[in-house]
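Here is a short report on one protein chain.

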Amino acid sequence: MMTSVDSDLIRILGDPLRLQIVTLLARETLCTTHLVEETGARQTNLSNHLRVLREAGVVETEPCGRFTYYRLRPDVIATLAGQFAELAESARSAADNKRACP
């Protein structure tokens, strides 16, 4: 049975800066300072985006002295990828289905 794609997560990851953050965190765990350097975003703007990602469960934090490190939660991304895979399979199966016009 096909599940629906998590539209809230799609909306969250649809922001270009958030997607860039997720892409960077897929490669390594980074602190805010690293993310500012990599993205060129202002620290306050970046912190707001990280808060959204954290509240959505996409990233988790690890305090380290006066810094906070961010790590991507691959299970969340894998679940979303699975939902898209199910959607693609449904589209393949329904390729010949066509509703007649009245």
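**The core**

The model is predicted. Its largest nonpolar core has 21 residues. Those with the most contacts inside this core are Ile21, Leu25, Leu35, Leu46, Leu53, Val58 and Val59. Five elements are listed as giving two or more residues to the core: helix H1 (7-13), helix H2 (16-27), helix H4 (43-55), strand S3 (67-72) and helix H5 (74-93). Which of them gives the most? H2 does, with 5 residues.

Leu53 shows how such a core residue is surrounded. Setting aside residues up to four places away in sequence, Leu53 touches Ile12, Leu13, Arg18, Ile21, Val22, Val58 and Val59. Three of these partners, Ile21, Val58 and Val59, are also named among the core residues with the most contacts.

**Helix H2 against helix H4**

Two packed helices are described by the angle between their axes and the distance between the axes. For H2 and H4 the angle is about 75°. Their axes lie 10 Å apart. How are the two helices oriented to each other, and why? An angle from 65 to 115 degrees counts as roughly perpendicular, so H2 and H4 are roughly perpendicular to each other.

The contact can be named residue by residue. H2 brings Leu17, Arg18, Ile21 and Val22. H4 meets them with Asn45, Leu46, His49, Leu50, Val52 and Leu53. By class, this contact holds 7 nonpolar, 2 polar and 1 charged residues.

His49 is one of the H4 residues in that contact. Is His49 buried or exposed? Its relative accessible area is 10%. Buried means under 20%, so His49 is buried. Not counting residues up to four places away in sequence, His49 touches Asp15, Leu17, Arg18 and Ile21. Of these, Leu17, Arg18 and Ile21 are H2 residues in the helix contact. Arg18 and Ile21 also touch Leu53.

**Salt bridges**

How many salt bridges does the model have? The count comes to 5.

| Pair | N to O distance |
|---|---|
| Arg71 and Glu62 | 2.3 Å |
| Asp75 and Arg73 | 2.9 Å |
| Glu89 and Arg92 | 3.2 Å |

Glu60, Glu62 and Arg71 are linked in a network of salt bridges. Arg71 has a relative accessibility of 27%, so Arg71 counts as partly exposed. Glu62 is at 34% and also counts as partly exposed.

Asp75 has a relative accessible area of 40% and is partly exposed. Arg73 has a relative accessible area of 28% and is partly exposed.

Is Arg92 buried or exposed? Arg92 has a relative accessible area of 56%. Exposed means over 50%, so Arg92 is exposed. Glu89, at 43% relative accessibility, counts as partly exposed.

**Single residues and distances**

Arg92, in helix H5, is 82 residues from Ile10 along the chain. The C-alpha atoms of Arg92 and Ile10 are separated by 22 Å.

Pro63 sits in strand S2 (residues 59-64). At 68% relative accessibility, Pro63 counts as exposed. Pro63 and Asp96 are 33 residues apart along the chain, and their C-alpha atoms are separated by 53 Å.

Gln43 is in helix H4. With a relative accessible area of 42%, Gln43 is partly exposed. Leaving aside neighbours within four places in sequence, Gln43 is in contact with Thr32 and Val36. Gln43 and Arg71 are 28 residues apart in sequence and 17 Å apart in space, C-alpha to C-alpha.

Conventions:
Residues numbered from 1 in each chain as written. Predicted model: local features only at pLDDT ≥ 70, side-chain atom pairs only at ≥ 80, totals over all residues. Heavy atoms only, no water. Core = buried A, V, L, I, M, F, W, Y, C linked by side-chain atoms within 4.5 Å. Buried < 20%, exposed > 50% of the residue type's maximum accessible area, 1.4 Å probe, protein only. Helix = DSSP H or I, 4+ residues; strand = E, 2+ residues; numbered from the N terminus. Contact = heavy atoms within 4.5 Å. Axes fitted to C-alpha atoms, helices over the stretch in contact; angles between N-to-C directions. Parallel < 35°, antiparallel > 145°, perpendicular 65-115°, else oblique. Nonpolar A, V, L, I, M, F, W, Y, C, P; charged D, E, K, R; others polar. Salt bridge = Lys/Arg side-chain N within 4 Å of Asp/Glu carboxyl O.
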